[in-house]
Amino acid sequence: MNGFDDSVLSLLVVLPFATALALILWPGDSDQLRSMKWFSAVVALVSTALVAWILLRFDYTDGSQYQFISETAWLDQLGIGFDLGVDGIAVAMLALTAIAFPAAILVGWNVDARSKDYLILLNLLVGGVYGTFVSLDLFFLFFFYEIAVLPMYLLIGFWGSSTSFPRFTRSKEYSAMKLVLFLVGGSVLIWVSIIAMFVEADLNSFSLLDLQRAGFDESFQNWVFPLLMIGFGLLGGLWPLHTWSPDGHVSAPTSVSMLHAGVLMKLGAFGIIRVGIQTIPEGAEAWAPLLLGMGAVNVIYGSIAAMSQTDLKYVIGYSSVSHMGYVFLGLATMHTLGVTGAVLQMFSHGIMTALMFTLAGAVYGSSHTRDIGALSGLAKVMPVGAFFFAVAGFASLGLPGFSGFVAELLVFLGLFQTYPWVGALAVIGAGITAVYMLRLLAKVYFGETDPRWESLPDLKLNEKLVAGMLALTLLIVGLAPFYLIDIIREGVRHVPTVTG
Amino acid sequence: MGTDAAFLAPVIPAIAFALILITGRRIPGIAPHLSIAAILASFVVWVVVFLAFLEDGAGTRSVEWFTVGGFEFTWGATVDEISLVMLGVVSFVAIGIQIYSLEYLHGEPRLWWYFAVQSLFAAAMMVLVLADNLLLLYLGWELVGLGSYLLIGFWWERRSAAEAAKKAFVTTRIGDVALLIGFVLLFEATGTFDISTITQLAHAGTIDETQLKWALIFIFGGAAGKSAQIPLHVWLPDAMEGPTPVSALIHAATMVVAGVYLVVRLFPIYNMVPEALDLIAVIGLLTALLAGVTALAMTDLKRILAYSTVSHLGFMMLAVGAGAPGVAMFHLLAHAFAKASLFLGAGSISHGSGQTDIQEMGGLWRRMPFTAVMFWIGALSLAGLPLLSGFFSKDEILLAVHDGRLNDGFLVVTFVAVAFSVLYTGRMLYQVFLGRLSTENEDAHEPGIRMWAPIGVFALLAAVLGPLAFEWGHDYHGFVSWVTDSEEGFHINMAISGASIAIVAVGLYLTGLIYMQRRISATAIQRRLGFMATAAQRKFYFDEVYQWGINQLVLPLARLTAFIDRAWVNDIGVDGPGKTTRWGGGVLRYLQTGMVYNYALGMVIGAVVLGVIWWSI
């Protein structure tokens with residue numbers, strides 16, 4: 001490994017924060033907005049290039065669990081160090097972030113109100129996301145996790161939208177508050193578990209490398225894992241704690257929805273793997289049936305709830321709840337097939353949902369409604385939007401050729417190796433997806449075009465760019481999944497208690 | 001060599017699809033060229049592969065796709081008799097259909113999109129046909145479903161077309177859920193998707209019997225969805241919302257036979273599980289019968305043809321269930337060309353006369369003699385008129401039911417189903433072409449060459465393919481034996497053939513009396529039949545039952561779930577604690593009065609309570 005390899009992860013984490021700082025210090029006039037946007041976009045692409053470097057340099061034959069390790073002592077008295085490193089699972093998540101973040105910046109190009117602050121918060125959020133994925137120290141992992149979550153409050157609360165439904169109203173303040181209270185509640189559980197692990201291991205170290213070797217005794221593992229599972233699972237949309245998520249989507253602006261469903265929810269699942277299963281393996285094994293049960297409810301409940309929604313974004317929100325269920329199911333199998341599928345599903349769902357929110361945002365941006373009953377025949381005025389929505393919809397319902405199919409297939413295969421009945425249920429859930437996705441497509445895009453929508457514009461250039469890029473990613477990973485799967489597999493291989 | 005080249009057959013149309021997507025909208029008129037050139041190239045590939053097959057015999061070639069844990073997933077092609085028959089039919093029929101579409105859809109603004117999807121469909125169908133493993137087969141299977149969805153919904157501005165497309169995809173998707181469960185069950189038992197390995201392991205007895213049985217039954221569920229078997233047949237008649245050439249290609253000749261193809265492909269495994277074959281036979285026969293009856297009650301020409309397709313798919317399934325996959329393939333071949341010419345003929349009629357309802361037609365042979373003759377050939381072939389190819393294939397089905405593993409009850413019902421296919425054919429032919437030409441159809445006219453040529457070619461094939469059934473030499477003991485790689489020659493059962501010919505004669509005579517000479521009144525028969533006629537006209541209420549299920553069960557469940565999510569999970573679970581806290585704060589704030597004597601009183605009470613506790617201990 002050369003010098004750059006040692007510092008590439010630090011650079012990746014520091015870059016968004018440095019960008020945020022630079023934007024804060026930027027002599028901020030509204031005439032500078034264009035250059036600030038360009039600056040953010042370019043920096044986002046630089047971090048994408050860094051991730052590409054990591055992908056290319058990742059060594060399949062290395063055999064050691066973590067690569068690109070860099071360790072910097074920070075607070076020796078408490079055993080806290082700024083330790084970074086990635087395994088295959090983290091690399092897959094980095095790839096996801098590296099695609100979703102520039103996409104979100106591009107889609108957020110049209111945000112006019114206080115866009116400087118908007119960009120600062122987006123950068124903070126993504127810095128936290130990158131940090132969480134690459135931290136090998138629980139203190140910093142938690143620190144970055146919190147940084148990733150908290151900007152959501154402002155992003156939804158200020159830039160979001162409030163919507164009145166026939167029987168209730170979702171104000172952006174309500175959704176933002178709900179989201180943050182839920183996630184902070186989860187954080188409490190996570191923080192308690194981390195402290196408990198620190199004390200129980202008695203190694204005076206927050207380093208994951210140490211803690212993963214600590215060999216906690218069974219009774220300890222059995223009470224700590226559920227705390228982690230609930231704490232992180234919350235952010236992943238684990239039923240019945242998913243309820244912040246659809247509301248958050250409905251109120252959030254487009255690019256925030258993209259990052260929220262695309263990347264943030266993956267932090268939760270990632271936490272379950274990294275802090276949960278990898279560090280507390282026997283606890284995970286003992287509690288897997290509960291995770292399995294809740295994941296199964298996620299899949300079925302989410303898809304049935306999505307069927308009767310009248311708001312475009314609620315459908316996608318509940319669809320996310322349903323799709324994240326496959327991640328939990330895959331993890332609960334503790335089988336190579338299932339866990340690999342779960343991680344691939346995290347990647348694939350992130351891209352797919354980002355695409356879907358881009359298109360829903362384009363519809364809302366020009367028609368100012370997301371009411372499925374009011375929209376019809378949009379394919380005539382926005383053919384490109386309709387095309388990409390069909391791509392996203394079919395990717396979502398698990399059409400082979402798109403990445404979601406491979407991911408879900410692996411989850412199914414893993415489930416049938418371990419819990420065949422749940423596997424059958426999961427396949428049925430994927431079947432229901434077709435019902436609500438095609439309903440959406442038929443109602444919103446097909447049929448006669450309502451006169452109100454005759455003059456709607458098609459996707460703007462930035463939206464076309466993003467949609468094309470995301471759709472292409474879905475297709476490439478769907479047809480040639482081996483590249484990503486080889487990386488993920490290298491990470492899954494090191495997860496204890498995973499068999500097969 | 002042959003198997004290597006076979007890869008090209010799906011790849012070329014796939015490339016054409018990508019090219020059309022990129023250039024189709026910008027360069028007007030390029031899409032049809034790309035698409036037709038690609039499908040012609042695929043056909044050439046088929047010829048090359050077929051010739052190589054005659055030299056080298058069957059073969060399989062596969063490459064690794066990805067590996068997880070100890071499991072390898074592959075992409076590969078199998079070239080054997082079954083896949084070659086299918087590949088030939090698909091590429092050949094697709095050529096004719098695409099050329100026909102040039103004229104039929106002339107002036108259509110989205111023509112480039114039509115040809116893009118045609119190429120996508122061709123590629124997917126060839127993947128399905130050639131796949132050597134269940135995973136790749138599933139990929140092709142779902143993508144042909146996508147092609148079908150997009151083409152049924154080609155005129156998506158029409159609400160009915162959009163709904164029909166959705167209905168087709170969702171209905172087949174129900175089957176596909178079962179299909180995937182079946183595939184995954186087989187994977188669980190064997191650790192592979194490779195069809196020949198699974199077959200070997202099944203024969204070696206390493207797969208648990210119950211698991212194998214259920215896997216096969218589930219897989220048949222998928223086949224039933226795609227091949228429109230009862231009760232999943234409801235989507236096919238509605239699929240006629242698509243352009244007529246699409247109905248000919250996808251919903252008659254190629255995609256809908258995928259289910260039949262699948263059970264034929266897996267027949268060596270199905271053959272080990274009698275229960276699964278029984279199920280296939282029963283469902284197939286039921287489908288053949290009910291769809292035949294329904295076809296007799298329909299008045300829309302394309303819908304009659306659609307129900308006829310459902311009925312014939314039932315016959316094919318019945319043949320498989322009887323233990324004769326080769327016969328199913330033979331009927332598939334005969335049906336493909338006959339039905340393609342019929343649908344194209346129907347398209348030519350609606351193109352030339354503007355009519356779709358057979359009651360509005362009549363005497364059309366005067367204005368469209370060529371179409372009429374070709375239509376008669378195709379229809380009579382399927383009705384089983386001697387010497388046309390359908391006669392041979394239908395005879396073989398009856399023979400298989402008679403000789404095979406099924407009991408005699410099946411044979412009787414099969415004859416009844418055959419009788420209905422003669423009746424609806426006769427009714428259709430007489431009403432459309434004979435009788436008086438109505439004044440509004442005076443202007444009906446024949447189509448141009450790009451439409452009539454494909455009709456003629458398909459009708460010709462439907463007429464002459466019959467002798468393929470015979471034994472031609474030492475290497476060829478008749479089509480059925482060739483397809484299934486057996487030595488058994490072709491034979492004829494005089495009693496069955498005689499009965500079959502008699503049914504055709506009587507059926508055509510009877511319908512002639514009713515619909516041509518009008519000696520017997522159709523409405524009188526209808527009245528006599530009472531509710532049975534109504535039931536047939538209402539398509540045996542399948543749609544009504546499903547609609548009831550959706551309206552009364554599925555949607556309420558969805559609404560209930562959404563309600564629970566808002567009212568319980570959110571309003572009680574989330575807002576509840578929030579409101580309780582606020583309420584609690586509101587109540588408790590009275591405790592903080594800020595007045596010293598209140599706090600002093602509290603201290604005194606506390607001290608007294610503590611004192612009492614201390615005393616009592």
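Two strands pair if DSSP finds at least two bridges between them. In this predicted model, strand S1 (residues 59–68) of chain B and strand S2 (residues 71–79) of chain B meet that condition with 9 bridges. The two strands pair in the antiparallel sense. One of the bridges links Glu64(B) to its partner in S2(B), Thr74(B). S1(B) and S2(B) form a hairpin, with 2 residues between them. Gly69(B) lies in the turn. Its phi is positive, at about 55 degrees.

The rest of chain B was described next. Along the principal axes, its C-alpha atoms fill a box of roughly 115 × 60 × 60 Å. Chain B comprises 617 residues, and 53% of them count as buried. Contacts between residues at least 6 apart in sequence were also examined for chain B. Of these contacts, 79% join residues at least 24 apart.

Two packed helices are described by the angle between their axes and the distance between the axes. Helix H4 (residues 115–134) of chain A and helix H5 (residues 138–149) of chain A have axes that come within 7 Å. These axes cross at roughly 150 degrees. Angles over 145 degrees count as roughly antiparallel. H4(A) and H5(A) are therefore roughly antiparallel to each other. The crossing of H4(A) past H5(A) is left-handed.

Both helices supply residues to this contact. From H4(A) come Leu124(A), Leu125(A), Gly127(A), Gly128(A), Val129(A), Gly131(A) and Thr132(A). They meet Phe140(A), Leu141(A), Phe144(A), Tyr145(A), Ile147(A) and Ala148(A) in H5(A). By class, the contact of H4(A) with H5(A) has 9 nonpolar and 4 polar residues. No charged residues take part in it.

The two chains also touch each other. Here, 42 residues of chain A are in contact with 39 residues of chain B. Several helices of chain A each supply at least two residues of the side that touches chain B. They are helix H12 (281–307), helix H14 (336–367), helix H15 (378–381), helix H17 (403–418), helix H18 (420–445) and helix H20 (482–492). H18(A) gives the largest share of this side, 9 residues. By class, the side of chain A that touches chain B has 26 nonpolar residues, 12 polar residues and 4 charged residues.

Note on methods
Residues are numbered from 1 along each chain as its sequence is written. Chains are lettered from A and ligands numbered from 1 in the order in which they are written. This is a predicted model: local features need pLDDT of at least 70, side-chain atom pairs count only at pLDDT 80 or more; totals for chains, interfaces and linings use all residues. Two residues are in contact if their C-beta atoms, placed from the backbone, lie within 7 Å. Helices (H or I, at least four residues) and strands (E, at least two) are DSSP runs, numbered from the N terminus. Ala, Val, Leu, Ile, Met, Phe, Trp, Tyr, Cys and Pro count as nonpolar, Asp, Glu, Lys and Arg as charged, and the others, Gly among them, as polar. A residue is buried if 20 or more other C-beta atoms lie within 10 Å of its own, exposed if 12 or fewer, and partly exposed in between; C-beta atoms are placed from the backbone. Axes are lines fitted to C-alpha atoms, for helices over the stretch in contact, and angles run from 0 to 180 degrees between N-to-C directions. Angles under 35 degrees count as roughly parallel, over 145 as roughly antiparallel, 65 to 115 as roughly perpendicular and the rest as oblique. A crossing is left-handed if the near helix is turned anticlockwise from the far one by less than a right angle, and right-handed if clockwise.
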